[in-house]
Amino acid sequence: MRHVGRPLARLEDYHLLYGQARYVDDIELPGMLHAGFVRSPYAHARVRRVDASEASSMPGVVAVFTPQSGKPFDFAPGGKVRYQGEAVAMVVAADRYALYDALERVYVDYEPLPAVVDPIKAMEPGAPLVDESLGTNVSHREKYASGDVERALASSDRLVEEELSTGRVVPSAMEPHGVVAAHDGRTLLIYDSTQKPHVVRREVARSLDVPLAAVRVVQPDVGGAFGSKIQVYPEEVRVAAAAMALRRPVKWIATRSEDFKVTTYGRGLVLRYKAGFTRDGVLKAVKGEVIADAGAYDWFGFDLASTAATMLPGAYKVVDLDVDAVSVLTNKPPLGPYRGAGRPEATLFIERIMDLIADETGLDPVEVRRRNLVPAGPYDNPLGLHYDSGEYLAGLERGVAATGYYDLVRRAEAARAEGRVLGVGMSFYIEITTYGHEVAIVRAERDGSFTVAVGIAPHGQGDATGIAQLVADELQIPIERVRVVWGDTDVVPDGVGTDGSRSLTAGGSAAVLAARRLLDELRKAAEELLGGPATYSEGVFRSGDKSATVGEIVEAVYRGKVKAQLEAMEVYRARPTFPYGVGVVEVELDPETGIARPLLYRSYDDIGVVVNPLLAEGQIHGGALQGISQVLYEQVVYDQDGSLATPNFAFYHVPKAVEAPRYEPHFAETPHRSDHPTGTKGVGEAPTVASAAATIRALEDAIRRAAGRRVRLRSTPVTPEEIYRLIHGGA
Amino acid sequence: MRIKVKVNGVWYERDVEPRRLLVHFLRDDLGIKSVRVGCDTGHCGACTVLLDGRPVKSCNLLAVQVDGSEIITADHSDDLMERLKRAFHERHALQCGYCTSGMLMASYALLRERPRPTEEEIREGISGVLCRCTGYQNIVEAVRSAGP
């Protein structure tokens with residue numbers, strides 16, 4: 001009756017398929033009003049005056065909040081807007097159409113200021129300052145170093161110096177941001193499209209100075225997030241404040257174009273570096289800086305740079321390192337976590353370096369990795385991270401075999417004869433997942449079924465199914481007798497939410513330990529009832545020839561025959577764990593247009609215990625396409641004034657079914673468990689980490705075949721124009 | 001303007017502003033929330049419905065344009081729709097679920113037209129709907145397996 005390891009279809013699907021899904025825009029409350037925001041057309045401007053008089057008198061308009069309204073409506077802090085789309089006023093109206101009419105009638109007097117768009121230029125003296133109070137655009141800098149990088153560089157056979165970058169991407173969850181808030185005089189109830197209900201709760205309570213106990217945050221169905229719903233946005237707080245001020249429920253739903261202005265952007269990291277390696281292809285030293293294009297507010301820019309800096313060595317033996325993490329303010333929307341959050345960038349950077357060594361030494365790319373990999377974990381990465389477990393060298397060999405990498409290389413060679421241009425790229429990755437605490441409560445019901453409440457906040461990953469599998473196995477009962485609930489701050493007191501590939505590991509471990517603790521509690525009651533030491537199996541306690549089911553014990557507690565806790569809560573602190581593996585991408589290139597299409601993604605991942613292969617594979621599919629798409633399709637373009645030239649899906653390309661590859665994931669047959677009770681390591685981000693690095697190499701490989709010479713790709717995305725020029729020459 | 005529309009087999013008669021989008025009419029006036037809004041440029045397809053048998057993006061039409069027409073949404077139930085929903089469930093063809101109604105409608109329209117589509121035809125057929133979670137493969141397989 002074991003459930004773990006089986007490809008069970010999700011328990012979360014029914015309501016999504018049968019018209020009962022409830023995303024935040026589906027929520028209608030009596031008397032509800034609609035909120036919207038007036039947003040700056042300038043990337044950098046002083047806000048001289050906001051005139052809401054005409055808007056305020058329009059039919060259907062209930063209120064307009066401007067910078068004069070005071071906290072938390074302190075729009076345009078410091079009297080200026082710092083990115084195009086930053087809010088300057090908020091309108092609340094009786095319906096959506098009246099709202100959009102009124103948003104057009106709020107007049108703002110701007111004094112445009114010079115904008116700084118490029119993070120490298122933003123670091124130069126004399127650049128316009130995003131935040132004058134800092135006196136610089138460098139918001140944070142920290143050094144991560146080990147060994148003696150200068151000596152290692154000096155003693156290297158070969159040196160390379162270059163700049164690698166990952167362009168900004170828009171996370172593009174299919175459901176835009178949105179929130180509904182209502183205040184009934186006692187409780188501030190917030191329905192929020194978020195990854196972190198408990199964090200929203202804390203932030204709202206703090207910002208509005210209300211007790212935590214008076215705030216309830218419900219995460220309804222959330223239509224994707226990919227990191228973009230981690231930040232608690234000012235809009236979420238302001239909608240809650242408006243609901244309190246107006247004593248009416250208030251809803252704000254971003255349009256897609258508005259979402260492109262509101263959301264945190266992903267990637268946006270640059271590595272400027274110098275590296276040294278031997279003629280045998282061994283990397284000796286890396287000295288450089290990871291620069292985050294943090295945007296107008298450094299919400300996550302530094303964290304991302306620092307993750308990318310500390311993960312830069314990957315699982316390679318190089319110990320002489322000197323890497324600065326730098327976050328730089330620019331007149332753009334704030335940077336934030338996006339599926340992988342620093343690890344896809346670190347992996348792309350270090351794998352670009354491995355590929356460069358291969359090209360410079362003439363060694364096979366797999367051989368270069370073989371010569372550089374740490375054989376196995378546990379391993380202390382020189383920049384302070386402890387890799388828990390894994391066989392990196394053997395994993396490379398198994399990964400290359402499982403993905404049929406060399407068969408694909410031969411296929412690409414053979415395709416030349418048919419007039420087709422294919423390219424193949426591989427990457428080896430290691431990434432960090434899981435952090436922080438997580439909370440679970442398991443409750444025994446009168447009929448011996450169990451309710452599990454968790455603080456993680458999944459929104460499509462299928463963690464509720466995974467946790468039901470884990471808990472059902474722990475309690476030795478059919479999965480039908482376990483119900484998992486989440487996404488409501490009333491059902492568990494705290495939790496970190498869903499991000500960082502941590503939910504099944506941290507949330508699942510909390511649930512397993514809570515179930516164990518509850519069983520101990522019930523066992524004590526059973527022993528008292530049965531009059532002797534009791535054993536448990538499959539929902540029944542036995543002592544000698546007497547037995548009692550869980551349901552009977554719960555009944556006995558309610559009848560006062562015995563005392564026992566019927567609920568157990570576990571607060572689990574989860575240390576990081578490190579999945580690793582190999583990703584291989586095959587692309588086909590049309591040399592006449594420069595357009596490349598992904599054909600195939602194959603992977604080999606050691607993600608620890610695979611609780612549900614169907615769902616884990618689903619994560620590989622979607623995650624791989626996001627990494628591939630970062631390289632091939634998705635481009636954020638700003639003009640020199642910081643105006644977004646790709647402001648919605650008409651200009652920003654999210655791939656369609658015809659533009660997606662086939663996926664063939666393989667999981668390690670003998671996985672290396674994490675030391676968490678679940679043994680899992682996390683899978684949500686691994687494919688994104690692996691696929692971007694493999695895709696850019698596959699493109700390089702295809703361009704080499706088309707052009708008849710080696711090229712070096714240094715940034716993502718790689719546009720068809722760039723590919724065309726690399727093949728055909730010309731400026 | 002007063003319009004009369006048959007939605008999932010039921011006739012509705014309503015007064016609507018001429019500028020009202022069909023998607024808002026369906027969601028806000030009729031309460032059919034399975035029709036979703038994912039963009040404002042007609043690119044995401046989350047709002048796809050069948051209008052007199054053809055898949056359309058309901059954000060690209062005004063409600064007044066469909067006066068007298070018949071609309072089917074993902075709430076419609078028949079043998080084909082049931083097979084599709086079962087296949088989506090079994091093949092893990094949905095994650096966050098936000099595009100799912102649109103995907104179901106595009107697939108339903110495709111399978112009614114071509115009961116045994118090739119993989120390429122399926123990919124073409126659902127390419128009016130964007131999915132950010134699944135990478136599409138499981139949707140393609142679900143549609144293929146939902147045929148007769």
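This is a predicted model: local features need pLDDT of at least 70, side-chain atom pairs count only at pLDDT 80 or more; totals for chains, interfaces and linings use all residues.
Chain A is assigned five stretches as domains, listed below, and chain B is assigned domain 1 (2-72) and domain 2 (79-145). The two chains touch through 42 residues of chain A and 38 residues of chain B.

**Chain B as a whole**

- Chain B holds five helices and five strands, and along the sequence they come in the order β-β-α-β-β-β-α-α-α-α.
- A compact globule of 148 residues would have a radius of gyration near 15 Å, and chain B agrees with this at 15 Å.
- The C-alpha trace of chain B spans about 45 × 30 × 20 Å along its principal axes.
- Of the 148 residues in chain B, 55% are buried.
- If you take the contacts in chain B between residues at least 6 apart in sequence, 62% of them link residues at least 24 apart.

**The two domains of chain B**

- The C-alpha centres of domain 1 of chain B and domain 2 of chain B are 21 Å apart.
- Their contact involves 14 residues from domain 1 of chain B and 10 residues from domain 2 of chain B.
- On the domain 1 side of chain B, strand E3 (48-51) and strand E4 (54-57) are the elements giving two or more residues to this contact, and E3(B) gives the most, with three residues.
- That domain 1 side of chain B is made up of seven nonpolar, five polar and two charged residues.
- In the loop between E3 and E4 of chain B you will find B:Asp52, which has a positive phi near 45° although it is not a glycine.
- B:Asp52 counts as exposed, because it has 12 C-beta neighbours inside 10 Å.

**Where chain A meets chain B**

- On chain A, the elements that each supply at least two residues to the contact with chain B are helix H1 (14-17), helix H8 (256-262), helix H17 (613-632) and strand E28 (662-667).
- H17(A) gives the most to this side, with seven residues.
- By class, the side of chain A that touches chain B has 20 nonpolar, 13 polar and nine charged residues.

**Domains of chain A**

- The assignment for chain A gives domain 1 (1-29 + 172-263), domain 2 (31-113), domain 3 (128-170 + 267-363 + 370-386), domain 4 (388-431 + 578-731) and domain 5 (437-573).
- Domain 4 of chain A and domain 5 of chain A have C-alpha centres 40 Å apart, and each of these domains gives 14 residues to the contact between them.
- The domain 4 side of that contact in chain A has four nonpolar, eight polar and two charged residues.

**Core and buried residues**

- The largest nonpolar core has 292 residues, and those with the most contacts inside it are A:Ala89, A:Val91, A:Val471 and A:Ala511.
- H15(A) gives the most to this core, with 13 residues.
- Beyond its neighbours within four places in sequence, A:Val91 has contacts that include A:Ala35, A:Val38, A:Val61, A:Leu99 and A:Val106.
- A:Phe37 sits in strand E1 (residues 33-39) of chain A and counts as buried, because it has 24 C-beta neighbours inside 10 Å.
- Although A:Phe37 and A:Leu103 are 66 residues apart along the chain, their C-alpha atoms are separated by 7.0 Å.
- Outside the four places on either side in sequence, A:Phe37 is in contact with A:Ala87, A:Met90 and A:Glu235.

**Helix H16 of chain A**

- Helix H16 (residues 550-558) of chain A has A:Val550, A:Ile553, A:Val554 and A:Val557 buried.
- These buried residues of H16(A) fall within an arc of 100° when seen down the axis, so they line one face of the helix.
- An α-helix has 3.6 residues a turn, so residues three or four places apart point the same way.
- The cover over the buried residues of H16(A) includes strand E19 (437-444), helix H15 (503-530), strand E23 (540-543) and strand E24 (546-549) of chain A.
- Just after H16(A), A:Gly560 adopts a positive phi of about 80°.

**Backbone details in chain A**

- Most residues other than glycine have a negative phi, and most peptide bonds are trans.
- The peptide bond from A:Lys71 to A:Pro72 is cis, with omega near 0°, and A:Pro72 lies in the loop between strand E3 (61-65) and strand E4 (80-81) of chain A.
- The loop between E3 and E4 of chain A also holds A:Ala76, whose phi is positive, near 50°.
- A:Ala76 is buried, with 21 other C-beta atoms within 10 Å.
- Another cis peptide bond joins A:Thr716 and A:Pro717, with omega about -5°; A:Pro717 is in the loop between strand E29 (715-716) and helix H19 (720-728) of chain A.

Terms used. Residues are numbered from 1 along each chain as its sequence is written. Chains are lettered from A and ligands numbered from 1 in the order in which they are written. Domain bounds come from an automatic or database domain assignment. Two residues are in contact if their C-beta atoms, placed from the backbone, lie within 7 Å. Helices (H or I, at least four residues) and strands (E, at least two) are DSSP runs, numbered from the N terminus. Ala, Val, Leu, Ile, Met, Phe, Trp, Tyr, Cys and Pro count as nonpolar, Asp, Glu, Lys and Arg as charged, and the others, Gly among them, as polar. A residue is buried if 20 or more other C-beta atoms lie within 10 Å of its own, exposed if 12 or fewer, and partly exposed in between; C-beta atoms are placed from the backbone. The arc is that of the directions from the helix axis to the C-beta atoms. A nonpolar core is a set of buried Ala, Val, Leu, Ile, Met, Phe, Trp, Tyr and Cys residues joined through C-beta atoms within 7 Å. The radius of gyration is taken over C-alpha atoms; the globule rule is 2.2 Å times the number of residues to the power 0.38.
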